[in-house]
Amino acid sequence: MSGGMNLTLRIWRQDGPSDRGHLKTYEVSDISPDMSFLEMLDVLNEQLNAKGEEPIAFDSDCREGICGMCGLMISGDAHGPEKTTTCQLHMRSFKNGETITIEPWRADAFPVIKDLVVNRSAFDRIIQAGGFISVNTGSAPEANAAPVPKPKADRAFQAAECIGCGACVAACPNAAGMLFMGAKITHLGELPQGQPERWMRVVKMVAQHDAEGFGGCTNTGACTVACPKGIPQDVISTLNKDLRYAMTHHGG
Amino acid sequence: MAVTGLFFVFYVLLHMYGNLKVLAGPEAFDGYAHHLRTFGEPMLPYEGLLWIIRVLLVLSLIGHAYSAFTLWSRAGSARRTKYAALKTASSSKTMRWGGVFLLLFLTWHLIHFTIVKPAVNSGVASDTIHSSPYAMVVASFQLWWMVIFYVLALAALGLHLSHGVFSAQQTLGWTQTAAGYRRAKAIGHLVAGLVTIGFAIPPLSILFGLVK
Ligand code: HEM
Ligand code: SF4
Ligand code: FES
């Protein structure tokens with residue numbers, strides 16, 4: 001194949017949670033610029049398999065930018081240089097001959113399982129603490145029964161785009177999970193269905209966030225830059241305000 | 001962090017206004033310094049208001065620095081394994097090391113103009129410095145290295161405020177729309193610019209002989 005790219009990859013290898021881990025250098029050649037980043041790693045893994053070496057463990061599921069599984073730190077950028085997920089990133093975003101450093105998300109709340117795979121269950125536990133609404137399941141209620149003003153609906157939809165990928169935590173100098181949490185608080189808080197549990201929700205989610213060992217937000221904005229869904233930093237402002245209101249009016 | 005920081009901002013603006021009185025001459029400046037002490041009399045004792053502000057400032061400083069160092073150490077333990085390839089030109093580094101520099105500056109500043117008042121300029125006698133705040137300030141800023149040090153501190157303060165003033169509004173929940181967010185950023189830059197320039201005018205005017 002002509003026009004293929006040759007790349008040097010420095011990839012984090014770690015046998016398991018308790019292994020110290022190290023960066024290992026690999027060469028790949030003849031990579032099509034139209035491949036996705038994960039397909040490029042698939043090519044490398046096939047080479048490793050053929051040589052009888054342990055393939056590189058990395059996460060993915062949908063490969064269409066909606067599940068949030070595939071996050072990688074690519075040369076210091078969460079999900080790489082484009083505003084998208086790693087699975088939707090293409091090799092044409094890199095230069096032929098480039099050296100690319102690939103690391104897992106780094107946060108003590110996201111421990112490494114193996115190589116590039118981290119455990120993001122801390123996010124699930126934050127959701128379990130309050131990021132839901134309690135409704136009876138069954139037949140869907142009549143859609144027009146609970147009117148939502150357009151601006152609130154728009155903001156809720158925007159916040160609901162969060163796919164829980166963890167790039168915000170990975171990019172944050174404090175390893176805080178505030179953009180993720182702010183997205184959930186805003187998504188549910190803007191809608192009528194989210195009101196009954198609104199004040200309890202924010203207090204419980206923040207307590208869980210802190211207990212998981214995430215850092216504290218200092219509003220640097222690195223999260224928004226890294227977020228593949230462009231969740232704006234103002235959702236954190238909403239979280240802060242809801243938290244203050246909950247603490248002062250509802251006794252925590 | 002936000003509340004104590006905003007109290008500093010309020011104080012710093014007031015302080016800047018006072019400093020600019022240097023431009024109006026010795027009577028205006030020394031008169032202002034005197035007024036600060038007699039303000040509110042006889043309801044308040046001599047230096048009453050000044051001491052209220054001082055106590056609030058010290059409490060704010062303790063609260064602000066305590067929160068800052070707590071956030072700093074939480075950040076350290078939230079990511080014990082660092083990235084090999086780092087690309088965060090983060091405002092958190094500027095805030096933290098800048099904040100520490102401001103603390104060192106503040107220590108010198110208080111020794112310089114409040115507590116000890118050393119005669120740094122050999123051309124001006126210690127008695128003159130102790131009897132007139134105006135003479136004290138002018139004597140100090142005739143020294144180029146002192147002006148450079150103060151201007152560096154102001155640059156650090158400007159950087160700290162341009163993030164800090166935005167950050168405080170974000171913390172207080174005043175930025176919940178895209179427009180509110182942009183406004184908060186703009187206010188941050190505006191306050192930072194105003195404070196840096198406003199404070200830099202008196203020392204520079206003295207250095208270049210516009211104020212004697
Ligand atoms: C003792 C010296 C100081 C230290 C160590 C310090 C440190 C910090 C740190 C680490 C932050 C955290 C914010 C971040 O990383 O985003 C911060 C925020 C802030 N600082 Fe300071 N600072 C100091 C003095 C000052 C002064 C003199 C002012 C005002 C003139 C000020 C105003 C602010 C404001 C308004 C914030 C934003 C609060 C918020 O994020 O809610 N600071 N400071
Ligand atoms: S806020 Fe953005 S970066 Fe953070 S988890 Fe959600 S989608 Fe990922
Ligand atoms: S694999 Fe699902 S978002 Fe990338």
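## Helix 7 of chain B

Helices here are DSSP runs of H or I with at least four residues, numbered from the N terminus. The model is predicted: local features need pLDDT of at least 70 and side-chain atom pairs count only at pLDDT 80 or more, whereas totals for chains, interfaces and linings use all residues. Residues are numbered from 1 along each chain as its sequence is written, chains are lettered from A and ligands numbered from 1 in the order in which they are written, and side-chain values use heavy atoms, without hydrogens and water.

Helix 7 of chain B bends by about 25 degrees at Leu161(B), the bend being the angle between axes fitted to the seven residues ending there and the seven starting there.

## Interface of chains A and B

In chain B, 32 residues are in contact (heavy atoms within 4.5 Å) with 38 residues of chain A. The two chains bury about 2700 Å² between them, 44% of it on carbon and sulfur atoms; buried area is the accessible area (1.4 Å probe) lost on being put together, summed over both parts. On the chain B side, Arg79(B), Tyr83(B) and Gln176(B) lose the most area to chain A, together 24% of what that side buries.

Two salt bridges are counted between the chains, each a side-chain nitrogen of Lys or Arg within 4 Å of a carboxyl oxygen of Asp or Glu. Arg74(B) forms a salt bridge with Asp210(A), with the closest N and O atoms 3.2 Å apart.

Notes
Helix = DSSP H or I, 4+ residues; strand = E, 2+ residues; numbered from the N terminus.
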